[in-house]
Structure formats: C-alpha cells, structure tokens
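Colleague: I would like to learn how to read the features of a model step by step, with the general idea given before the particular case. Could we begin once the sequence and the structure are in view?

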Amino acid sequence: SSDLFNVEKMAKTAAMKTFLALALSSSGLATASKAASQTDLASNANPIRKVVTMMQKMSEKIEKEAEEEKDLYDKFMCHCKSELADFEKGQAEFEAAVPKLQADAETATAQIAQLSQEIEAQKADELQAIEDMKRADANRNKEHDKYEEEVKEIKADVEVTDEAIAALGEAEKGGALLQEGSDSTQLLSHMSKKQMMRLQKVVMKSSKVSEADKQSLLSFLIGSSKASGIGEVKGLLSTQKEEMEEEIQVDDREEEKDVNIFQELMAAKTTEKETVEETLADKIDRLGSLKVSLVEIKGELSDAQNAGSKDVEVLKKLDESCKAKTKQWDEREKTRGEELKAIEETIKILNSDDNLDLFKKALPSPIFLQLAATAEETRYKALSILRGFAMSKGNEAVANRTGVDLVMLALSGKGVDFSTVQKMIDNMIALMGQEQKDDDDKKSYCNKQSFENTRKTKALRHKIKTLEETVSTKEDALETVTAEIKELQAGITELDKSVAESTDMRQKEHDEYQKLIHEQAATKDVLLMAKDRMNQFYHPEFTTTLSTTGPYSLGFVQISQHQQLREEPAAPEFGNSKSQEGNGVLNMLQDLIVETEKTVKEAEFNEKDSQRLYEDLLADSKAKREADMSAIAGKQKVKADVESEKVKKAASAKAETEELKDVESFGKSLEQECSWLLQNYEYRKTARAQEKDTLTEAKSVLAGAQ
C-alpha cells in the first residue's frame, strides 16, 4: 500500500514537471530564440526523454514488484490451501470419530449392564449350587443314619436269634438231660426278658414263616407249649435268620447304590460350582476392563468434541483471513494494472512523432536548463529526503534506517557518482525484499510449528491424564482386592479357630455324656438290686435275674417263678406281718429307675443331636473354607492381572511424560526462537517498507539528474 502510494506520488510529480515544462516553454519562446547556441545541449538532455525514461523505469519496477508480490501471494495462498485442507481433514476425522466413540460408549455401557446382570445371575446360581450340595449332604446323612439304625436293629435281631438257636442246639445235643415236657423258660433261661421280647418281635416280623408256624413259635417262646420239637423250632429260627441276613445284604446294596448316586451328584454339583466360579471370575475381570475402557472412551469423546469445536473456530478465522488477502490482492492487481496502463498510455503520448517534433520546437535548451536540476541540487534534494526520513525516526534503533544512513553517507561527499549510489540503493532494496521474504517464511514456519506443538502437547497431556486415571483406578482395585483377600484369610483363620473350639467343646460334651451314661447305669443297677431285694421279701414272685454293667457287679442271680406244686397245710392266722410301706418304697425305687432310664434316653438324644450338629458344622465349615480358598485364588489371579496392567499403564504414562517433556522443551525453544520475530513482525515490515519507499524516492531524484 505504501509502495503504491509512493508510485502514485512519483507519477504525479513527473506529470507536474512535464506540465511545468510545457508552461515554461509556451511563456519563454523569446528567451529560447536567444539561446540557439545551446541546441545540442538541449537535444542531449531532452526533458521529455528523461520523463519517458523515468516512467519506463517506473513500469519495470512495478512489474518487478508485481512478480515479487505474486510470488509471496502464491506462497500465502498455498499455505492457506494446505492449512485449510489439513483443518478440513482434521474436522472430518473428528466428525467421523465422534459417532464411533459415542457408539463405542453405548456398546460398552450395554455390555457393562449385561455383564452385571449375568454376574448377579451366576452368583445366584453359585449360591443355589452350594445350597443344593448342603441339602443333598443333609439328606444323605439322614438316609445313612436311618440305614445304620435299621442294620443295627436287624443285626441285634440276628444276634438274639443266633443265641436262641445256639441254646436250642445245646439243648438238643444234651437231650438225654432234658426233662420231659420242658418249656422255653427252661431251655432259654440264660436269655433276659428283653431278649425274649425281641425274639418274639422277630418271629412276628418274619415274612417267610407262615402264620401257623409263627403262632407255634410264639407259644413256645412264651412257655405255653412244651419243647417237643426243638429241631423244628431251630429250623424256623434259622429261616428267619437267613431272611434277616438277606435283608441286611439288600440294605447294604441299597446303601452302596445311594452312596454312589450321592457321590456322582456331589461331583456334578462341585464341577458346576467350579465352572460357575471360573466364569464369574472371568466376567468380573471383563467388567473391570470394560469400565476402564468406558472411562477412556468418554475422555476421548470429550476431547474430540472440544477439539472439533476449537478447530471450527480456527478454520473460520483462517478462511476469513485467506479471503481477505485474496480480496486485497485482487484490488492490488486492479490498481497496478490501472497504474501500468496510465504509464503506458502517457509514454505513448510523449513518444508520438508529432509530439516529439512539437517538444523539439517548444522545449529549447534554456527551458531544459530551467527544468533540469544541477548535480549538486539533485544530491542536496536526495539528502533532504533521506534526512527527513531519518529525523522522522528520531532516536530509534539504527537497524530501522541502516540503508538510509549508508546512502546519506555516500551522498555526503561532493562529486559522487549517482549511478553508484543508485546501484547501492537497488542492492539495498533487493536485500530488504529478501529479508522481508525471510521474515514471512519464518513467521509461517513459527505459526505452523507452534500450532502443531500445541496440538501434540494437548494430545499427550490428555493421554497421560487418561493413563494416570487408569493407574489410579487399578491402584484402587488393588487396594480393594487386597482388602478382600485379607478379609477372606482372616475369615478362614477365624473359621479354623471356631472349628477347633467347637471340636474341643464337642469332645468335652461327649466325655460328659460317657460319664453320665456310666453313672446312670451304675445307679440303675443299684436301684434294681435294691428293688429286687425288697421284692424277695415283699413280692418274691417278681424277682428277676440281674446283669449289671455298672461298677457294682451282682453276678447272675437265678430266680425262677415260684409255683406251688403241692398244697401246704393251712397256717394259723397271726395277722399281716409285712409292712404296707414296702410297696411305697418299691414304687419310689421304680420311679427312680424310670427317671434314670429317662435321663439316659435324653442324654442319648442330646448326644446324637449334638453330634449331628457338630458334623453339620464341620461340613459347612469345610464347604465355606473351600469356597473362601477358591475365592482367594480367584482374587489373587485378579490381583496379579491388575498389578500387571497397572505396571504397563504406569510405564506407558512415564514414556508419554518423557515425550511430553521433549515436546514442551521444543515448544520453549520455538518460543525463544520465534517470539521476537512474531512480536516485531509488523513493526519490522512497516519500517522496512518506509525505508524502501524513502530509498526509492531518493533513487528517483538521483535518476532525474541523469
């Protein structure tokens, strides 16, 4: 703009000089006729030729400037196109990335929700499997207890049957010693009343013995029939024994079958539980990874949206700047074309043959001498222009007027060669043009590098932030899983301690039970002995045979029911010599015996119940310990995976941090390199243009003197 202004100014000055020359020529014809002796000088220094030459040089200069400006404009537009293309490409990438990131975030959210539901369902499946195993174990224990009770009962029946068969066999061998008509009370006298009652029940339960045989056997056993067919009785009892032994074998096979079924069920349930635990651990791990991925995706989505909006603003400003420069260039081209056209038409006017003849006649040498400045005046005028520029700058740095100072120095001496000074000015103007081009290139480089450095710094900071957040998440997960492992281990320790205490307590309870049974048995024997002694006196018909298990062994007392085989002579009446309180004592003794039996039954029931509860506790504790150990193993695997992932992410964060340091260091060096130029660019450009205009004006003055 300043160049255009100076060119227009110079064109106006040249036109004014031409018009002044024409005016002087028309008003000074008389003077010109007196100066015919100076015709050759006028022809050698024709002012029109000077004007034409100056205008031709102006035209060349304008064309040269047009080429230089065209080169700068082309470079700027290339920069515009490149940057716009880059921004548009980046914007397209952002626009393409945002829907994908949104879709990824939605997918991850849906997967997290689905995995959470599956995890809850599998936890319920795991609890159900454990509950099924406990229920199956409890049922199996009940079935086994029932089996043992049944087998124990049958074996007791077999034992009493064996004893009866053995007694009958001995009686059969010693048949010569048997009294004719002996009944079961004699043949089986060594068996207790309880054993006899059991034997009767065995007979009643038999399915292989006919009803008639059952009645015959029962009659024999209760003593209502005589021992006339011992062999037959033995045969019937042997049949019943075989039946009971077969029943035991059937029960054994059924128990073995039930045990196999139970073991297969427990194996299947254990496999199912382990499969559920493995799948559950895998899904929990996947859930954690998905949550971390969702955080990263959301971070990238937010950054993409923010970066996209900022790039739109930068793109808009860049587009406006490029359009403004294009408009300015179009106006500059139009003005330059009009200027060149004016110069060309002016030269054409001045160079026409008719006008040249006219100028030769109208512009003799006196007029030329009037218009042409002497070399000294030209030097002084050029110096005045340069000094005016220097004074306008005041005390500014020398770098802003170095070229002017050099030309002023060259013009300060008299007799200077103007062509040399003009060449010096041309060189300086060319140098300033190159310097301005270097500044333009440097500015473009600085802006582009600064933009790229800022973008890369932002990207690295976001990546580092994401990695640090991931590391923090992993650390939180590590703390949680470590705390859970410690809690499980503490639970196992507490469980083992509780089991040990329960075992010790159970042992003490069992010892107390054994002691109570022993004491109650001894007490019952003593009470029975006392009752029997009382019965010997008060009711001799009720005496029994005792077989004690207590410390007060009474041995075997053979007491048989007394029967009157013959009538005794009538005794004299002396009144009742037996005290009636004896029956009260016997009743009290019987109550005490019943109480001891009741105490023993209660103790046996409590012992069985305590043992069952203790076994349930052991089974539950074992299951819980195995479950906790499995959980610890799973969590330790998760912990190892989390630690590994944390180490990887921390290493990545460290590497990205180092890269960020390098980028920031480059940014600082770039700022040191470019800050001064960017801050002083417009000032340097303006000062350089002003200096160039001044030198151009001085050159024009010097050129006018040639």
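Colleague: Which cysteine forms a disulfide with C446, and how many Å apart are their sulfur atoms?

Modeller: Please keep in mind that this is a predicted model. As a general idea, a disulfide is a covalent bond between the sulfur atoms of two cysteines. In this structure C446 is paired with C674, and their sulfur atoms lie 2.0 Å apart. C446 belongs to helix α13 (residues 418-538) and C674 to helix α14 (residues 581-704), so the bond ties together parts of the chain that are 228 residues apart in sequence. Both C446 and C674 are buried.

Colleague: What is the torsion about the S-S bond of C446 and C674, and is the disulfide left-handed or right-handed?

Modeller: The torsion about the S-S bond of C446 and C674 is about -75 degrees, and the disulfide is therefore left-handed.

Colleague: How many disulfides does a search of the whole structure find, and what pattern do they follow along the chain?

Modeller: The search of the whole structure finds two disulfides, and, with bonded cysteines counted along the chain, their pattern is 1-2, 3-4. One of the two is formed by C80 and C322, whose sulfur atoms are 2.0 Å apart. This pair links distant parts of the chain, since C80 sits in helix α4 and C322 in helix α8 (residues 230-351), 242 residues apart. The torsion about the S-S bond of C80 and C322 is about -100 degrees, so this disulfide is left-handed.

Colleague: Are C80 and C322 buried or exposed?

Modeller: The cut-off needed here is that a residue counts as buried when its relative accessible area is under 20%. C80, at 1% relative accessibility, therefore counts as buried, and C322, at 5%, counts as buried by that reasoning too.

Colleague: Let us turn to the overall secondary structure. How many helices and how many strands does the chain have, and what percentage of its residues count as buried?

Modeller: The secondary structure of the chain comes to 14 helices and zero strands. Of the 706 residues of the chain, 31% count as buried.

Colleague: How many salt bridges are counted, and which residue forms a salt bridge with D71?

Modeller: The general idea is that a side-chain nitrogen of Lys or Arg must lie within 4 Å of a carboxyl oxygen of Asp or Glu. By this rule the count comes to 38 salt bridges. D71 forms one of them with K75, the closest N and O atoms being 3.6 Å apart. Both residues lie in helix α4, where D71 and K75 are four residues apart, about one turn of the helix. D71 is partly exposed, with a relative accessible area of 35%, and K75 is partly exposed as well, with a relative accessible area of 34%.

Colleague: Which residue meets R140 in a salt bridge, and is R140 buried or exposed?

Modeller: The side chain of R140 meets that of E143 in a salt bridge, at 3.4 Å from N to O. R140 and E143 are both in helix α4, three residues apart, about one turn of the helix. R140 counts as buried, at 7% relative accessibility, whereas E143 is partly exposed, with a relative accessible area of 41%.

Colleague: Where do D319 and K323 lie, and how many residues apart are they?

Modeller: D319 and K323 lie in helix α8, and because they are four residues apart they are separated by about one helical turn. Their side chains meet in a salt bridge of 3.2 Å, N to O. D319 counts as partly exposed at 26% relative accessibility, while K323 counts as exposed at 55%.

Colleague: Which residues are linked in a network of salt bridges, and which residues form a negative surface patch?

Modeller: The network of salt bridges links E69, R332, E333 and R336. The negative surface patch is formed by D145, E148, E149, E150, E247 and E615. Helix α4 (residues 47-173) gives the most to this negative patch, with four residues. E150 is found in helix α4 and counts as partly exposed, at 33% relative accessibility.

Key. Residues are numbered from 1 along each chain as its sequence is written. This is a predicted model: local features need pLDDT of at least 70, side-chain atom pairs count only at pLDDT 80 or more; totals for chains, interfaces and linings use all residues. Side-chain values use heavy atoms; hydrogens and water are left out. Patches are made of residues with over 30% relative accessible area and no salt bridge: like charges are joined within 9 Å, nonpolar side chains (Val, Leu, Ile, Met, Phe, Trp, Tyr) within 5 Å. Accessible areas come from the Shrake-Rupley method with a 1.4 Å probe; for residues, only the protein chains shown count as cover. Lys and Arg count as positive and Asp and Glu as negative; His and the chain ends are not counted. The place of a charge is taken as NZ of Lys, CZ of Arg, CG of Asp or CD of Glu. Helices (H or I, at least four residues) and strands (E, at least two) are DSSP runs, numbered from the N terminus. Buried means under 20% relative accessible area, exposed over 50%, partly exposed in between (1.4 Å probe, protein chains only). A disulfide is a pair of cysteine sulfur atoms within 2.5 Å.
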